[in-house]
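Hi there,

Here is the structure I promised to pass on. My notes on a few parts of it follow below.

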Amino acid sequence: MRNNLSQILIERYGLTEEILAEARQTKAEKGGSIGEILVSQQTLSEAQLLEALSLQYDIPFWPKLPLDNNGTDFTDRLPIQFLKKYFMVPLECHTPVYPRDCGLAPPNDGDAAKALCPPGCIIAINDPLNFQALDDLVKILELADFRVVLATREAILSAINLQYDLRRDSAEQLVQDMEENGTSIISEIEETADLLDDTSDAPIIKLVNHIISQSIKARASDIHIEPYQDSFTVRYRVDGILYDLLKPPKWIQPALISRVKVMAKMNIAEKRLPQDGRFEVKIGDQNIDLRVSTIPTSFGERVVLRLLNKSGSLLELPDLGLSPARLKQVKDLVTSPHGIILVTGPTGSGKTTTLYAILSSINKPDINIITIEDPVEYQIRGISQIQVNPKIDLTFARGLRSIVRQDPDVILVGEIRDRETADIAVQSALTGHLVFSTLHTNDSPSAITRLVDIGVEPFLISSSVLAVMAQRLVRVLCSNCRKSYTPDAVFFDRLGIAPDQVKATQIFQAVGCEKCFHTGYRGRIGIFEIMILTERLKGLILKTFDSNRIKNEAVQQNMTTLRHDGIQKVLNGVTTIEEVLRVTQK
C-alpha cells in the first residue's frame, strides 16, 4: 500500500482539499466511502477512482476484462446473486493475457507482445476493501493460485452475465428434460428482476426464459409461438425475416403458452377470445418491454411477443440511411413552419423509427411537441406523448382534436386511418402547425390517392401536404463475411440497369458466419423515396389523383424511387440485389 487515497487524488487528478472535506462531511452524515461519494457527485469517473485505488493498493486496474477464452465451470458452484451483490467475478483464462485483451496500452512498443499474466484464474473485483466476500469466493472455489485485478462495475456485470448465459441449458436440452406433467408447474409467479437471476427449477419456466434470452441475444423483434395440428413451432424474426428457433413436442404447448400468459398477467382460463398483455424483463443491463398478443386458432392459441429494447438509444437522422442530398432535403422539410409531412410504407418498414428520429432532431425547449400514438413505443424526453385507448373512446381523431387546443407547434399523429383524423390534420396544418403522420401505402404517390379515397378534397391536399416519404428496410450485409461476385444478367434486367453501368463497382452477396448467426446479414437500413409537392405536382393533383401520373411527374422532377435508392445501396456494398428486389417494386 502506498499513499492514502486523498493524497493520490490531489496529486493525480487535481482535487482540492475543499472538495475532499465536503466528501468527508457527506460520508459522516450518510455513510459510504469517499471514492463512491466523489463518483456519485461526478467529481471523478469510476475509472479514475479505480486507477487511484490501483496505485494505493498496488492492484492492477484493467479497463476491459478478457472474455474470449474463459471457462464457465464455476457457475454451478456460485450463485449469480452473490457475484452481483459484491461486484466480483472469477475468470478462468485458458491462454496468456496480453495488454490489448484488457484495454491497456503497453508502456513501450516492445511490450505489446509481453503477456500480463500466464493462463490461470483471475478474480476481478470493484472494491479492494471487500476482503470477506473475496475470501468466501476463494474458499468456495478452492483456489490455491489466482490473481486479483480491479475492474469497473459495468465490466464485471457484463462478464457475470456472459458466463452464466453461456452456461444455460440449450432449449433442446430443456425440452428433453421436461416430463409430460409440465402443466402442473404453472403457477402465479411474479417475474424476477433479471432473467439470468431466475433460479427456478421448473422446466417450463427455464424454457420460456431461455427462449426470450436467446431471442434478445439474436436481436429479434418478435417471437412467434405457433400451434398446428400435430406440431408446435417457436420462431423469431431477426432483421425482418422469420427463423425457426425450436420445435418442441406438441404436449408442451399448453404449459408454455400458459406460462407466457401468466407473465403478461392475462387470463389463462380464457382460450376462446383474443387477448393482449405486456411485461418487462431484464437481461443483464438491457431493459426489454414485451407486448403479448394471443388469438384462438383451430389447434390452440397462437402467441406473438413483440420485443422493444428500452435500453437502446433512438436512431438519429444521419443513421437512417439517407444519402447526404436526401438528408439535407429532410432537414429542410422538418424545419418548415407548417404543413403535413407523411411517412408511408407497410407495417414493420421503420416508419415510427424515422418519425422519432425527426422529432428528436427538432426537439428544443422553445418548441411544443405533442404526439398521439398507438402504442407509444419509446419515451422521448421533452415531448408529450398520448397513448390511444379505444376502450375509453380515446381515438386518433378525438385525441388530435384535444391536442390542437394545447398550443402545439408540432403534432405527430401515429396514423391517419379515417376521414375525421385526416380532416383535423389538414386543418391543423392550414392553421400554422407542422403535422407528421403515417399512411399504409406502397409508394409516395399512392399516398395522395389514399387521402382522396379517405375523403380529403384534392385542393386541401395540395395546399397542406409538403412532402410524402415512402420507405422500406433492407438487411445490411455482414462486413465480416460478405463476398464480391458478378451477378447473372437476369438480375440486372430485373433491376432495370445495364451491366456496363456497374463495371467499375463491386457487388457483394451474403455468405454467413458466426457473427451474423449464419444469415449473411447484420442489422437493417432504410431505402427512401421522397416526393416533395412542387407547384407542378400540386397543379397535377388538382386535375387528377391517378398515382401513376403523379409518379411519372415526380420522377421527371428528379424524384429517386425506392428501387433506385436500393440500387445505389447495392452499388455502395451495403446490401444485396436480392434484398432490394424483395422489398421494392418497379
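**Helix α4 and its surroundings**

The buried residues of α4 pack against α1 (5–13), α3 (34–40) and β4 (146–150). Please keep in mind as you read that this is a predicted model. The residues of α4 that are buried are L49, L50, A52, L53, S54, Q56 and Y57. The helix itself covers residues 46–57, 12 residues in total, and spans 16 Å from its first C-alpha to its last, close to the 16 Å expected at 1.5 Å a residue.

**Helices α9 and α10**

Helix α9 (residues 203–217) packs with helix α10 (residues 253–263) at an angle of about 70°, and their axes are 10 Å apart. Angles of 65 to 115 degrees count as roughly perpendicular, so α9 is roughly perpendicular to α10. On the α9 side, the contact is made by I204, I205, L207, V208, N209, I211 and I212, while α10 brings A255, L256, R259, V260 and M263. Sorted by class, this contact has 10 nonpolar residues, one polar and one charged.

**T561**

You will find T561 in the loop between α19 (547–556) and α20 (562–571). Is T561 buried or exposed? Its relative accessibility is 11%, so T561 counts as buried. The side chain of T561 forms a polar contact of 2.9 Å with the side chain of H564. Neighbours within four places in sequence aside, T561 is in contact with F528, E529, K551 and V555.

Best wishes

Technical notes. Residues numbered from 1 in each chain as written. Predicted model: local features only at pLDDT ≥ 70, side-chain atom pairs only at ≥ 80, totals over all residues. Heavy atoms only, no water. Helix = DSSP H or I, 4+ residues; strand = E, 2+ residues; numbered from the N terminus. Buried < 20%, exposed > 50% of the residue type's maximum accessible area, 1.4 Å probe, protein only. Polar contact = N/O pair within 3.5 Å; in protein donor to acceptor, adjacent residues only side chain to side chain. Contact = heavy atoms within 4.5 Å. Expected span 1.5 Å × (residues − 1). Axes fitted to C-alpha atoms, helices over the stretch in contact; angles between N-to-C directions. Parallel < 35°, antiparallel > 145°, perpendicular 65-115°, else oblique. Nonpolar A, V, L, I, M, F, W, Y, C, P; charged D, E, K, R; others polar.
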